[in-house]
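The structure is shown first, and a short account under headings follows.

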Amino acid sequence: MPSKPVTTVLFDFAWTLFARDPNRWVGSAAALIGREVAAGEAERIASDFAELLRTTATDPAHIARDLDPQVWDRAILAVLQQIRGVDLPFARALHETRAEALAPYADTASTLAALSARGIRLGVVSNVGWDIRICFARHGLDRYIDAFVLSYEVGFVKPDVRIWRTAVEALAAQPDRTLMVGDHPGCDGGSVAVGIPALVLPMVSSPAQLRGFDQVLALAGI
């Protein structure tokens, strides 16, 4: 953990600050194509999708998806079709409704507000192939974020050390006074290579739940 007072906190995006509401996501997508959703199916599809994204995150065959929006679209459609019961039309509907179904965890807003109020600069460092700023804006959270470092915009994918260097430069941060918060040991834990301690939180699937950010606040001295 940081040996000096924390002045900057970097967050991953999906399954760290935001997650998909399974019923809203799958239900909205199914409605677009007139498909029925069986009991428990929404939770299964959302869970399978999360696991597939996590397991392919550092796969060389999938890294390109996080560098190019067009490749991202094709790759995510392919991942979705690996899920039982998801054909191409359903995959397209799920992909189309992805942003609307993303919601912040129950303690995301209060945590960002508390950190920002203490003058701690905040950044989002994400492997992603689309502009996630719209999700923050939709929930009024963009005002807390001082910099978005998105892989498809900067040309580097976690755990490439260059993405952390880009984040540090964007926020005029000092690595030993910065904390990285994420959910993926292989990706988010890569920050330690440039001297940024990482806090990797256990997976929490529903945005209605608390994410456990009390640990972040404690490390930041709040």
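Which residues do ring pairs link into a cluster? The cluster consists of F13, F18, F136 and F148.

## Basis of the description

The model is predicted: local features need pLDDT of at least 70, side-chain atom pairs count only at pLDDT 80 or more, and totals for chains, interfaces and linings use all residues. Residues are numbered from 1 along each chain as its sequence is written, and side-chain values use heavy atoms, with hydrogens and water left out.

## Aromatic pairs

A pair of aromatic rings is described by the distance of the centres and the angle of the planes. Rings of Phe, Tyr and Trp (its six-membered ring) pair if their centres lie within 6.5 Å; planes under 30 degrees apart count as stacked, over 60 as edge-to-face and the rest as tilted. By this rule there are 6 aromatic pairs. The ring centres of F11 and F213 are 5.7 Å apart and the planes stand at 80°, so this pair is edge-to-face. F11 belongs to strand β1 (residues 8-11) and F213 to the loop between β7 (198-200) and α12 (214-219), so the pair ties together parts 202 residues apart in sequence. Helices (H or I, at least four residues) and strands (E, at least two) are DSSP runs, numbered from the N terminus. Both F11 and F213 are buried, a term for under 20% relative accessible area, with exposed meaning over 50% and partly exposed in between (1.4 Å probe, protein chains only).

The rings of F136 and F148 have centres 5.0 Å apart and planes at 80°, so they too form an edge-to-face pair. This pair links distant parts of the chain, with F136 in helix α8 (residues 133-138) and F148 in strand β5 (residues 147-150), 12 residues apart. F136 and F148 are both buried.

## Charges over rings

A charge sits over a ring if NZ of Lys or CZ of Arg is within 6 Å of the ring centre and within 35 degrees of the ring normal. R98 lies over the face of W130, 4.7 Å from the ring centre. The charged end of R211 is placed over the ring of Y105, at 5.4 Å from its centre.

## Helix α1

Helix α1 (residues 22-33) has 12 residues and reaches 17 Å from its first C-alpha to its last, close to the 16 Å expected; the expected span is 1.5 Å times one less than the number of residues. Its buried residues are P22, W25, V26, A29 and A30. They cover an arc of only 115° around the axis, which puts them on the same side of α1; the arc is that of the directions from the helix axis to the C-beta atoms.

At the start of α1, a side-chain oxygen of D21 comes within 3.1 Å of the backbone nitrogen of N23. Just after the helix, G34 takes a positive phi of about 70°.

## The surroundings of D183

D183 lies in the loop between β6 (178-182) and α11 (185-188). D183 is buried, with a relative accessible area of 6%. Leaving aside neighbours within four places in sequence, D183 is in contact (heavy atoms within 4.5 Å) with residues including D12, W15, R54 and R211.

How values were computed:
A polar contact is a pair of N or O atoms within 3.5 Å; within protein, one must be able to donate a hydrogen and the other to accept it, and residues adjacent in sequence count only if both atoms are side-chain atoms.
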